[in-house]
Amino acid sequence: MSKSPPSLASAQAIAEVMMHIGHIADSMGYTQGLKPSQWTALRYFARANDSQRTVSAFADFHATTRGAASQMVEVLVTKELLTRVPVPEDRRVVQLHPTEKALALLEYDPLKDFAAVIAALPGPEQFQLADLLSRVLKGLLSQRA
């Protein structure tokens, strides 16, 4: 007797696995005295170009309010992980730059462990995963708009 092919996973089951992965990844972010959202902010400001190193740009990227982004930035400034740098050409704009302490801390970024699991997948599967997750993310973001 031959086995029938396994049924495709339901959309609900896939969403639950994705949520579980998200929870695990989130819990990995409580390290080095930081919360996951603070790690996200550090990564953002370490990679952003100068014009994007503002509270407003980070709020847009992180899909949060300016107030919440401002509070997060204030915590990171207090921890001496970000520094405010006024823009001489426009005194209304203040850029946020990671400090040397922040750059050293990013060497221990817990996301590196998560990325290592993905990096162990064959190249074509990494590409497919990236494509599919990007499409899911775009769909979720379009629902929020």
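**Helix H4 and its neighbours**

I started with H4, where Ala-69, Met-72, Val-73, Leu-76 and Val-77 are buried (under 20% relative accessible area, with exposed over 50% and partly exposed in between; 1.4 Å probe, protein chains only). Down the axis of H4, I see these buried residues within an arc of 140°, so they line one face of the helix; the arc is that of the directions from the helix axis to the C-beta atoms. Residues three or four places apart point the same way because an α-helix has 3.6 residues a turn. On the other side of H4, I found Gln-71 and Thr-78 exposed.

A note on my source: this is a predicted model, where local features need pLDDT of at least 70, side-chain atom pairs count only at pLDDT 80 or more, and totals for chains, interfaces and linings use all residues. Residues are numbered from 1 along each chain as its sequence is written, and side-chain values use heavy atoms, leaving out hydrogens and water.

Helices (H or I, at least four residues) and strands (E, at least two) are DSSP runs, numbered from the N terminus. I then asked what covers the buried residues of H4. The cover includes H2, H3, strand S1 (82-87) and strand S2 (90-98), with contact meaning heavy atoms within 4.5 Å.

Next I checked H3 (residues 55-62), where Ala-57, Phe-58 and Ala-59 are buried. Those residues pack against H2 (36-47) and H4 (66-78).
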